[in-house]
Amino acid sequence: MPAADPPPDSSNPREAQSEEAVAELSDETKARAAQALYESFTRLAPQGSDEWNFSAAFTHLGDRYGPYHPGASALHDALAPRGAEATRPGRLDRLLGGRARAGDADPEELREAMGMVVEAFRFLSARVAGIEARLGAEDRPVDGAAWLAPARELEGWVEPLCAHLLAHSPGGELLHADCGEGALLRALAAGGAVARGVEPRGGVALRALEQGSAVTIAEVSEVLDRCADGSLGGVVLSGVVDRLPLHALVPLLGRTRAVLARRAPLVVVSEPAGAAGRRETAGGDLLDGHSVHAETWEVLLGRAGFVDVTHLTAGAGQDRRFALAATVPA
């Protein structure tokens, strides 16, 4: 966008006369001018996608400032010496607040700088194109699909998970999702811990509430968004990790990492890979998530910033599920 002209010079008769003419404009004329300006801004406002706007921006920069046409761009014109006429500030001089004079700046250096700006817009355009493509292809889960997955209780995992959390928590509230009927919550409470459950299936959550457990009927991502960073002393994720798609697990782990205190444990309990295919018919058709291998969880936990990833062993009534424990670094 061209720089605005400098204030009129009262010593110049022409500019002084122009200033008086502007002052004598009627209110109606000023209103029409303001309306025309508003319509111009509306017409030139960004339209279409962000990718389209980025493309237009760097095309404008490239055409106006080079480096594609050195010696023939507006940047070159702004830098060109004016000889005897150089006493009046040029456009570039006004843009820089009077700090530049023709011949003081290195034209090649400024052309290279504008070239970097153009390339930055090209990079941003490529990034926006990728984001828009990803959003356009992202799946839309069926609302309430979690209700179609039968609750899976921890059973033989309650005792080893409770022992691990009580031994490694630095203090603070412990959170379990999906908590089912709350067996782990009751075991933690018996051990002196403050525990809260998250369960999206209302009927299952009601049975946990009837037995005295503190349970929120919601998705764990909603609860974690309301938790302050570093406020939880430990988190257990079971059930939810087997019904969410992989692209939803990554931000879930990132947010879990943020709300956990230093040295706080995270435990993931998951079905063996492929177990999601044995869901009830409706749940299997409508839920997009599927179990992933323990090795994949190790990679995801490491990328999310957790350390000391270890396998836990189930207690009595052991089933085929696996449990991975990790810790927030000190």
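How many residues of strand 5 are buried? The count is 6 of 6, so to speak a strand that is mostly covered, where buried means under 20% relative accessible area with a 1.4 Å probe, protein chains only. This is a predicted model, in which local features need pLDDT of at least 70 and side-chain atom pairs count only at pLDDT 80 or more, while totals for chains, interfaces and linings use all residues. Residues are numbered from 1 along each chain as its sequence is written, and side-chain values use heavy atoms, leaving out hydrogens and water.

- Strands (E, at least two residues) and helices (H or I, at least four) are DSSP runs, numbered from the N terminus.
- P265, V267 and V269 are buried on one side of strand 5, and L266, V268 and S270 are buried on the other.
- Strand 4 runs parallel to strand 5, joined to it by 4 bridges; two strands pair if DSSP finds at least two bridges between them.
- Strand 7 (residues 322-327) pairs with strand 5 in the antiparallel sense, over 6 bridges.
- Look for V269 in strand 5: S238 stands opposite V269, and V269 also stands opposite A323 in strand 7.

**Helix 12**

- The 14 residues of helix 12 (residues 246-259) should span 20 Å, and the end C-alpha atoms are 21 Å apart, which agrees; the expected span is 1.5 Å times one less than the number of residues.
- Its buried residues are L249, L252, L253, T256 and V259.
- Seen down the axis of helix 12, these buried residues fall within an arc of 130°, so they line one face of the helix; the arc is that of the directions from the helix axis to the C-beta atoms.
- They pack against several elements, including helix 10 (220-226), strand 5 (265-270) and helix 14 (294-303).

**Nonpolar cores**

- In soluble globular proteins, nonpolar side chains tend to be buried together.
- A nonpolar core is a set of buried Ala, Val, Leu, Ile, Met, Phe, Trp, Tyr and Cys residues joined through side-chain atoms within 4.5 Å.
- The largest core here has 33 residues, and V220, L237, L266 and W297 have the most contacts inside it.
- V220 touches L175, A177, V198, L237, V240 and L252, not counting residues up to four places away in sequence; contact means heavy atoms within 4.5 Å.
- A second, separate core of 23 residues includes L161, L174, L188 and L312.

**Helix 8**

- L184, L185 and L188 are buried in helix 8 (residues 183-190).
- Those residues cover an arc of only 100° around the axis, which puts them on the same side of helix 8.

Notes: Buried < 20%, exposed > 50% of the residue type's maximum accessible area, 1.4 Å probe, protein only.
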